Amino acid sequence: MITVHKLVKRFGLKAVLRGLDFSVEAGEFVALLGPNGAGKTTFLRILASLSRPTLGSVNIAGYSLPGQASAVRRRLGVVSHLPLLYGDLTAEENLRFYARMYDIPHADKRISEVLDLVGLLPRRRDLVRTFSRGMQQRLAIGRAVLHDPEVMLFDEPHTGLDQDACLMLDTVLREVAARGRTVVMTSHDLARVADLASRFDVLSRGVIAASIQRAQIEPDNLLAFYRQSLAEA
Amino acid sequence: MQPIPQVENQVSVKPRSGGIGPFIRSVSAIVWKDLAAELRSRELLSAMLVFALLVILIFNFALELDARARATVTAGVLWVTFAFAGTLGLNRSMAMEKDRGCLDGLLLAPVDRSAIYFGKAIGNLIFMLIVEAIVLPVYTVLYSVNLFTPGLLLVIVLGSIGYVAVGTLLSTMAVQTRTRDVLLPILLFPMVIPILIAAVKSSTGFLQGSAMADILPWINLLVVYDVIFIAAAFMVFDYIVEE
């Protein structure tokens, strides 16, 4: 579903990604782990077609980036620690705006379904700026699944959420994975992703330093694996 | 937790077809979104309007003009007011997109990115025209100069289109920097000097009743400037928003 070959990204003279190779099968849930500055967000922004690679090839669902970016975007849902929502619009208006941008048919029905899914149907006519951080993140997930994407990218989605909101997000993430979607998620919270992902990749100094399937590791040993991978990188 | 509902008829896996229909739909969605948000907050319009009214009030007391002098300086005062108020609006309009990551939300949509430019530019133009529509009668009362002539109104529309065409492009660049509030006027004013000169000259021509042959070259310059910068923005916007 996702194939990345020899990906390089430079900002000026600074190379953030240095020949990164990465592939994800359809339906896999990959947790991308790594310290601050490892290049996780940069990598996800390239996958999301928000940033252009300096060198290398990126292919998502059979479409290459940046050449076929529009077709790739149609198949992507992105959730970051920012909600990407307009505070002066209601929850419903925000989704209606994105439904028009994605040209979604039967938009009213779909918006109601998604609001119901994220538990915000009773608050559909409230302004987003009156929502708590957790509610905004729930609506952000609703925005990301609105067009029923095949691939979902989560960039540290738990940032700033309280315990209840984190649990709700985990439930949605499990549901997303159970529907057969391909998921790539960056996170610093190893305990949380140990339960969610089917594969763990460690990104260090702009390359994938190590990768392991969930079946090959006990959740309790993930931290040791992570530390060892960074030490050997 | 309920299962995530699927979009009917598998539309999610069907790439959006190209053409003018989706382009216009995306542009109108962005314009609708900007108008709806502004209707709620009144953040942008009120700032532009208060600023514009204060400027013409200050000029009115500072200059203490006689009737003849009024006709000479009116165009200058008007365009200084529109330019500064417009900069306020342009800055705020893009900052709203950037602050909550909404610009990324727009860029993630499977639409031609020039549609984002046109949507934002049309929204900015509407806000600027609203402010101008309120400033003009106030100016007419304060300065006792009739500004409601078809020629002058045409110049104001053409000048505003050019100003917004360049301003929307530059505000998209400036908003991605740490010094966005300072950077926009520094980039914008040198770029709009031709349009401000042409607008002031043609406005003065209409106010003083000059011959059409004297005014026409300035109007032609306005039209050419508008066309060139709209075309340039259409071509380069994709590169400006991409990292």
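Helices (H or I, at least four residues) and strands (E, at least two) are DSSP runs, numbered from the N terminus. What you have open is a predicted model, where local features need pLDDT of at least 70, side-chain atom pairs count only at pLDDT 80 or more, and totals for chains, interfaces and linings use all residues. Residues are numbered from 1 along each chain as its sequence is written, while chains are lettered from A and ligands numbered from 1 in the order in which they are written.

**Stop 1: a loop in chain A**

Select A:Arg125, which sits in the loop between H4 and H5 of chain A. A:Arg125 is exposed, with 9 other C-beta atoms within 10 Å. For that label, a residue is buried if 20 or more other C-beta atoms lie within 10 Å of its own, exposed if 12 or fewer, and partly exposed in between, with C-beta atoms placed from the backbone. Setting aside residues up to four places away in sequence, A:Arg125 touches A:Thr90 and A:Glu92. Touching, or being in contact, is when the C-beta atoms of two residues, placed from the backbone, lie within 7 Å.

**Stop 2: helix H5**

Next, select residues 133–145 of chain A, helix H5. Its 13 residues reach 19 Å from first C-alpha to last, close to the 18 Å expected at 1.5 Å a residue; the expected span is 1.5 Å times one less than the number of residues. Among the buried ones are A:Met135, A:Leu139, A:Ile141 and A:Val145, along with A:Arg138 and A:Arg143.

To see what covers them, show strand E6 (76–79), helix H3 (91–101), helix H4 (107–117), strand E7 (151–155) and helix H6 (163–178) of chain A, which are included in the cover. H5(A) lies across E6 and E7 of chain A, and runs at about 165° to E6(A). Axes here are lines fitted to C-alpha atoms, for helices over the stretch in contact, and angles run from 0 to 180 degrees between N-to-C directions.

**Stop 3: the sheet**

Switch to cartoon and trace E6-E7-E8-E3-E9-E10 in chain A: six strands in an open sheet with mixed pairing. E6 and strand E10 (207–213) of chain A stand at the edges with a single partner strand each, so one side of each has no neighbour in the sheet. From one strand to the next, the twist averages 15°. Two strands pair if DSSP finds at least two bridges between them.

Zoom in on strand E3 (residues 29–33) and strand E8 (residues 182–187) of chain A, which run parallel and are joined by five bridges. A:Leu33 stands opposite A:Ser187 in E8(A).

**Stop 4: the core**

Select A:Ala31, A:Leu47, A:Leu153 and A:Val184. Of the 140 residues in the largest nonpolar core, these touch the most other members. A nonpolar core is a set of buried Ala, Val, Leu, Ile, Met, Phe, Trp, Tyr and Cys residues joined through C-beta atoms within 7 Å. Leaving out neighbours within four places in sequence, A:Leu47 is in contact with A:Ile2, A:Val58, A:Ile60, A:Leu153 and A:Val184.

**Stop 5**

Most residues other than glycine have a negative phi, and most peptide bonds are trans. Go to A:Pro66: the peptide bond from A:Leu65 is cis, with omega near 5°. A:Pro66 is in the loop between strand E5 (63–65) and helix H2 (69–74) of chain A.

Then pick A:His106, in the loop between H3 and H4 of chain A, where phi is near 50°. A:His106 is partly exposed, with 13 other C-beta atoms within 10 Å. A:Glu156, in the loop between E7 and H6 of chain A, also isn't a glycine and has a positive phi of about 45°. A:Glu156 is partly exposed, with 17 other C-beta atoms within 10 Å.

**Stop 6**

Where the chains meet, the contact takes 34 residues from chain B and 41 from chain A. On the chain B side, helix H1 (20–41) and helix H4 (102–108) each supply at least two residues, with the largest share, nine residues, coming from H1(B).
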